[in-house]
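Please look through the structure shown below, beginning with a pair of helices and going on to a sheet.

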Amino acid sequence: MRKLSFNYEMKLTFSGPVTEHRFQLRCIPATRARQQVIDVLLKVEPTCHLDMMVDSFGSVVATGYLPEPHNSFSYSVTGIAFVDVANAKSDSSKPLYRYDTELTSPGPSLHALIKTCKERVDALGPNARVLARAQEVMHCVFAAFTYKPGTTSIDTTAEEALTQGCGVCQDYAHVMLTVCRHVGLTARYIAGMLDGEGATHAWVEVYDERGVWVGLDPTHDRLAGDTYIVIAHGRDYRDTKIDIGIFTGAGVNQTQWVNASVHELGE
């Protein structure tokens with residue numbers, strides 16, 4: 001088990017004043033089967049009333065409205081997470097984690113990778129555990145990619161990313177999700193934080209024989225251990241967007257600054 005402090009900050013700067021700004025945040029890590037979260041503090045600037053809820057995936061959602069003119073918008077969330085992967089509790093699954101989504105539907109490139117991975121998974125034998133099969137998929141996905149920021153966007157599909165052979169953590173996770181689901185594994189997308197990343201990170205969890213979700217990070221080709229903090233999970237990236245919003249402003253451009261930090265705390 002590790003005791004981790006976390007701090008996630010995001011600031012939007014607008015080229016002119018905006019009004020009628022409505023936003024939704026999924027930036028707060030929640031207590032889950034693998035982690036316990038305490039001392040959470042969410043700050044939003046300009047300040048406003050926040051409506052809090054938990055969505056159908058168990059993610060904490062904060063919704064707000066800023067009607068008055070403003071030239072910037074920022075929020076920060078801090079807290080402490082006790083992460084204990086080795087003693088993660090059993091949890092429920094959803095049938096929808098077995099099916100393709102718009103971002104994870106396979107084309108020719110993915111079908112070829114699925115075929116390769118299925119051969120490697122089948123070679124493990126019929127009694128191979130879920131984790132062993134998922135690790136074979138992870139190794140294949142890692143080998144198929146070069147990490148290259150700026151080559152994909154949040155709307156890039158798994159097929160598009162794999163075809164060009166490069167992308168970021170979201171793309172690695174989407175490709176692994178597709179392959180897992182087509183070799184018989186139940187898998188979901190994870191948005192979270194990891195020490196040393198400087199931003200949010202994405203990885204995959206598979207549902208094993210014990211009814212436990214096990215994290216695998218195809219970007220780094222390793223298990224997601226006690227230094228990983230889960231923020232949200234879902235079928236793919238679109239279920240876990242950290243922040244979304246709309247506003248009114250004629251010809252307004254925006255720039256974004258993001259920082260995420262995770263540090264281990266002593267006793």
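Helix α1 (residues 108–122) and helix α4 (residues 169–182) pack with their axes 10 Å apart and at an angle of about 55°, where helices (H or I, at least four residues) and strands (E, at least two) are DSSP runs numbered from the N terminus, and axes are lines fitted to C-alpha atoms, for helices over the stretch in contact, with angles running from 0 to 180 degrees between N-to-C directions. This is a predicted model, in which local features need pLDDT of at least 70 and side-chain atom pairs count only at pLDDT 80 or more, while totals for chains, interfaces and linings use all residues. Residues are numbered from 1 along each chain as its sequence is written, and side-chain values use heavy atoms, with hydrogens and water left out.

On the side of α1 the contact (heavy atoms within 4.5 Å) is made by Leu110, Leu113, Ile114 and Cys117, and on the side of α4 by Val175, Thr178, Val179 and His182.

Turning to the sheet, 5 strands form an open arrangement in the order β11-β10-β9-β8-β12, with antiparallel pairing; two strands pair if DSSP finds at least two bridges between them. The edge strands, each pairing on one side only, are β11 (222–223) and β12 (228–234). Within this sheet, strand β8 (residues 187–194) and strand β9 (residues 201–207) are joined in the antiparallel sense over 6 bridges, and Tyr189 stands opposite Val204 in β9. Helix α2 (residues 130–144) packs on the sheet, where α2 touches β9, β10 (213–217) and β11, and the direction of α2 makes about 20° with that of β10.
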